[in-house]
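Dear colleague,

My notes on it follow directly after.

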Amino acid sequence: MEGVEDSAGTANLADLHDENKRYCWVCFATDEDDCTALWVQPCQCSGTTRWVHETCLQRWVDEKQKGNSLERVHCPQCNTQYIIVFPPIGKLILVLDIADRIIYRVCPFIAAGVVIGSIYWTAVTYGALTIMQAVGAKEGLALMEQSDPLFLLIGLPTVPVMLILGRLVRWEEALLGFLNKNIPRLPIVKDLLPTFQVASNCVRPHAQGTETPPFSDPVSATRVLCGALIFPTIAVLFGKLLFHPVRSNLQKTFFGGIAFLALKGVLKIYYKHQIFIRQHHRRVLDFAKQPTGVKGRTNTSSNP
Amino acid sequence: MANIAVQRIKRELKEVLNSDEVARCSIHVELVGESFAELKGEIAGPPDTPYEGARFQLEIKIPETYPFNPPKVRFVTKIWHPNVSSVTGAICLDILKHQWAAAMTLRTVLLSLQALLASPEPDDPQDAVVARQCKDKPQIFHLTAQHWANAYAGGPSINTDYENKIRRLKDLGVTEMNARASLSSCDWDLERATEQIFS
């Protein structure tokens with residue numbers, strides 16, 4: 001929406017103040033009101049908006065720039081860009097000004113570099129510790145000393161990355177889905193594991209208990225992170241417990257890791273499947289026939 | 001209040017009181033109190049509009065940073081217009097916001113508001129209900145604006161049909177103002193307005 005342009009006002013004010021008299025379009029003062037003020041004619045305006053006090057215009061420019069002294073300002077009437085010049089600058093000030101700008105620009109990159117560098121060195125350290133855990137402290141150190149340093153600098157940080165990526169492979173769910181789909185079709189296994197029948201006939205897809213994908217929320221992301229980073233320690237522990245006759249530390253850890261993964265997978269599949277069966281067998285009771293004390297039971301059942 | 005603002009208001013008042021528009025009673029400005037921070041404005045509804053013959057009161061508040069920032073203007077008289085809130089009187093006009101220039105005056109602001117009454121902008125609304133009516137049912141909008149001008153701003157046209165509908169709602173215990181607002185927003189459908197009030 002356009003406001004009424006100043007043409008009418010201009011004509012009217014011109015009646016009051018004749019053309020020869022200067023008057024400021026900001027404070028409306030004339031020469032008579034203030035004979036010492038400095039006048040400028042900063043744009044192509046003529047008539048009542050031709051003259052303005054320099055101080056008044058400076059304030060208007062400040063108001064328009066809102067602190068950004070490099071922003072261009074135009075005359076609100078004729079849209080001419082004001083020509084704003086700064087006094088010549090001393091060499092020292094110039095150097096300081098340039099230094100100030102460079103520092104301002106560069107700091108975010110330095111900060112990002114520090115953060116990324118910290119993460120990188122943490123990953124390298126973690127990789128080295130993991131190798132020492134897996135093959136034994138002395139052997140690990142010897143192994144790393146023999147290796148090419150460049151190989152270590154690239155190889156060590158990939159250890160935690162690989163662990164996290166590996167944790168993202170959700171093989172238990174795939175296996176569970178496969179079992180749900182295929183067990184009812186197999187003639188003998190079908191009778192051994194009858195509960196899988198239920199899943200294939202289910203009409204309530206939400207009851208399948210699909211897990212939230214990783215990184216969908218911060219909590220599940222921390223779960224992936226913790227699970228991935230603690231895995232080598234657990235693998236070493238399992239190796240020592242279950243496979244102590246094996247000589248080589250590396251083999252122990254390897255078998256321990258596989259044993260842990262298998263155990264965890266089986267437990268997870270069992271847990272998921274039982275939860276699903278439980279969901280499937282839930283019932284909604286008739287209100288009238290609700291036995292006394294059922295309130296407590298429903299509460300506990302909603303909290304498996 | 002800052003000296004520059006006071007000095008300017010003083011000069012502007014001199015200008016506006018000497019203007020042709022005040023002579024023709026088209027606009028009017030007067031001080032409220034002695035601080036120069038608040039003024040009372042009045043504009044006449046422009047001819048050939050539903051507001052013709054009505055007079056609208058405005059509240060004008062001069063900010064501390066005037067004239068570098070626009071005055072805050074609001075309709076005190078209730079008005080049915082797409083760019084003015086039918087409840088609060090708040091105005092949507094660019095020169096009262098980012099398009100303000102220090103060279104504008106109380107006089108040009110009031111003349112701009114008069115121009116706004118003459119040419120509503122339903123595509124940049126302040127009151128969405130009014131704006132929709134203005135676009136979809138211009139005939140009803142015209143009559144409603146005329147009726148509001150008659151009821152609140154001394155406009156000359158009396159709409160007996162609308163008066164009767166308001167009386168019907170008043171008989172049910174609704175205040176006249178609420179009845180008018182509801183009927184106006186329901187395009188004077190008595191049934192819908194009743195439902196809106198009593199639901």
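In this predicted model, Glu63(A) and Arg59(A) lie 4 residues apart in helix α2 (residues 54–65) of chain A, and are therefore separated by about one helical turn. Their side chains meet in a salt bridge, with an N to O distance of 3.9 Å. Glu63(A) is partly exposed at 23% relative accessibility, and Arg59(A) is likewise partly exposed, at 33%. Over all chains, a search of the whole structure finds 12 salt bridges.

Two further salt bridges in chain B deserve mention. The side chains of Glu42(B) and Arg55(B) meet at 2.4 Å, N to O. Glu42(B) is buried, with a relative accessible area of 16%, whereas Arg55(B) is partly exposed at 30%. The other salt bridge joins the side chains of Glu59(B) and Lys61(B) at 3.9 Å, N to O. Through shared partners, salt bridges join Glu59(B), Lys61(B) and Arg74(B) into one network. Within it, Glu59(B) is buried, its relative accessible area being 19%, while Lys61(B) is partly exposed at 39%.

The strands of chain B form an open sheet of 4 strands in the order β1-β2-β3-β4, with antiparallel pairing. The edges are taken by β1 (27–31) and β4 (72–75) of chain B; each has a single partner strand, so one side of each is left without a neighbour in the sheet. On average, neighbouring strands of this sheet are turned by 25° against each other, direction ignored. The antiparallel pairing of β1(B) with β2(B) extends over 5 bridges, and Ile27(B) stands opposite Ile43(B) in β2(B).

Two helices of chain B are placed against these strands. Helix α1 (residues 3–17) of chain B lies across β1 and β2 of chain B and runs at about 145° to β1(B). Helix α3(B) packs on the sheet and touches β1, β2, β3 and β4 of chain B, its direction making about 135° with that of β1(B).

In soluble globular proteins, nonpolar side chains tend to be buried together. Here the largest nonpolar core has 63 residues, and those with the most contacts inside it are Trp25(A), Ile43(B), Phe56(B), Phe75(B), Ile91(B) and Leu113(B). Helix α3 (residues 106–118) of chain B gives the most to this core, with 7 residues. Leaving aside residues up to four places away in sequence, Ile43(B) touches a set of residues including Ile27(B), Phe56(B), Leu58(B), Phe75(B), Leu110(B), Leu113(B) and Leu117(B). Another core, of 10 residues, lies apart from the largest one; among its members are Tyr162(B), Leu183(B), Trp188(B) and Ala193(B).

Finally, I would draw your attention to Asn150(B), which is found in helix α5 (residues 138–153) of chain B. Asn150(B) counts as buried, at 16% relative accessibility. Its side chain reaches the backbone oxygen of Gly155(B) at 2.8 Å. Beyond residues up to four places away in sequence, Asn150(B) touches Gly155(B), Pro156(B), Ser157(B), Ile158(B) and Glu163(B).

With kind regards

Key. Residues numbered from 1 in each chain as written. Chains lettered and ligands numbered in written order. Predicted model: local features only at pLDDT ≥ 70, side-chain atom pairs only at ≥ 80, totals over all residues. Heavy atoms only, no water. Salt bridge = Lys/Arg side-chain N within 4 Å of Asp/Glu carboxyl O. Buried < 20%, exposed > 50% of the residue type's maximum accessible area, 1.4 Å probe, protein only. Core = buried A, V, L, I, M, F, W, Y, C linked by side-chain atoms within 4.5 Å. Contact = heavy atoms within 4.5 Å. Polar contact = N/O pair within 3.5 Å; in protein donor to acceptor, adjacent residues only side chain to side chain. Pairing = 2+ DSSP bridges. Axes fitted to C-alpha atoms, helices over the stretch in contact; angles between N-to-C directions.
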